[in-house]
Amino acid sequence: MSAVTTAAGPDRDAARVPVRGLTVLYDAQCSLCAFLRDWLVRQRQLVPLELVAAGSAEAGRRFPGLDHAATLEEITVVGDAGQVYRGAAAWVVTLWALADHRPTAHRLSTPAGARLARGAVLAAARWREGQRARREGAWGGRTYTAADGWRYDRAAGWTYDPPACDGGTCPPR
């Protein structure tokens with residue numbers, strides 16, 4: 001892993017300070033995060049992972065200097081020597097801790113891989129945002145109905161037949 005400047009200060013000299021444990025702070029209200037937490041605990045770990053709910057009393061007790069509101073917005077991983085990883089770097093260091101996924105972590109730590117890791121983090125964040133909005137009743141999506149032209153057939157699946165336009169005006173899609 002390359003040197004990283006953290007919110008807590010400059011890199012702690014990774015060559016001299018090995019990572020012997022990582023704490024992954026995850027959003028316990030997010031179904032994707034809970035799924036990934038469960039997946040992580042089933043993996044063979046080269047570096048032990050502790051999974052703690054972000055924003056919890058336990059997280060606050062362990063890491064009083066962290067911005068705990070930010071840990072609910074973006075995956076945060078804390079190393080045993082005080083290293084703080086956020087976003088894509090947090091995903092990469094978590095994969096690095098897993099026996100079967102360390103090679104993937106090394107690939108994701110390259111410039112090309114970092115773009116891929118960042119894209120995955122952005123996609124997960126977008127998905128979480130939609131889930132949170134649905135939980136809070138603020139989702140802006142709508143359900144399509146037969147009046148919109150959608151029809152489901154068991155053999156053919158979903159089909160779309162646009163409604164006819166009456167008087168030269170068509171219903172909005």
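In which sense do strand S1 and strand S3 pair, and over how many bridges?

Reply: This is a predicted model, in which local features need pLDDT of at least 70 and side-chain atom pairs count only at pLDDT 80 or more, while totals for chains, interfaces and linings use all residues. Residues are numbered from 1 along each chain as its sequence is written, and side-chain values use heavy atoms, with hydrogens and water left out.

Strand S1 (residues 22-26) and strand S3 (residues 76-79) pair in the antiparallel sense over 4 bridges. Strands and helices here are DSSP runs, numbered from the N terminus, with at least two residues (E) for a strand and at least four (H or I) for a helix, and two strands pair if DSSP finds at least two bridges between them. In general, strands of a sheet pair through backbone hydrogen bonds, either parallel or antiparallel. Along this pair, Leu 22 stands opposite Gly 79 in S3, and Val 24 stands opposite Val 77.

The pair belongs to an open sheet of 4 strands in the order S2-S1-S3-S4, with mixed pairing. Its edge strands, each pairing on one side only, are S2 (49-53) and S4 (84-86). Neighbouring strands of the sheet are turned by 20° against each other on average, direction ignored; for such angles, axes are lines fitted to C-alpha atoms, for helices over the stretch in contact, and angles run from 0 to 180 degrees between N-to-C directions.

Helix H1 (residues 31-42) touches S1 and S2, and its direction makes about 155° with that of S2. Helix H4 (residues 87-96) touches S1, S2, S3 and S4, and its direction makes about 110° with that of S4.

Looking along S3, we find Thr 76 and Val 78 pointing one way and Val 77 and Gly 79 the other way, and all are buried, a word that stands for under 20% relative accessible area, whereas exposed stands for over 50% and partly exposed lies in between (1.4 Å probe, protein chains only). This can be read beside a general rule: in a regular strand the side chains alternate between the two faces of the sheet. On the S4 side, S3 is joined by 3 bridges to S4, which runs antiparallel to S3, and the bridge partner of Val 77 in S4 is Tyr 85. The hairpin of S3 and S4 has 4 residues between the strands, and in this hairpin Gly 82 takes a positive phi near 95°.

Returning to S1, we can look at Val 24, which is found in this strand and counts as buried because its relative accessibility is 2%. Leaving aside neighbours within four places in sequence, Val 24 is in contact with several residues, including Leu 49, Val 52, Ile 75, Val 77 and Thr 94. The C-alpha atoms of Val 24 and Ala 54 are separated by 8.5 Å, although these residues are 30 residues apart along the chain.

In the loop between S1 and H1 lies Asp 27, which at 7% relative accessibility counts as buried. Not counting residues up to four places away in sequence, Asp 27 touches Cys 33, Ala 54, Leu 72, Arg 128 and Arg 132. A polar atom of the Asp 27 side chain also lies 2.9 Å from the backbone nitrogen of Gln 29.

Note on methods
Contact = heavy atoms within 4.5 Å. Polar contact = N/O pair within 3.5 Å; in protein donor to acceptor, adjacent residues only side chain to side chain.
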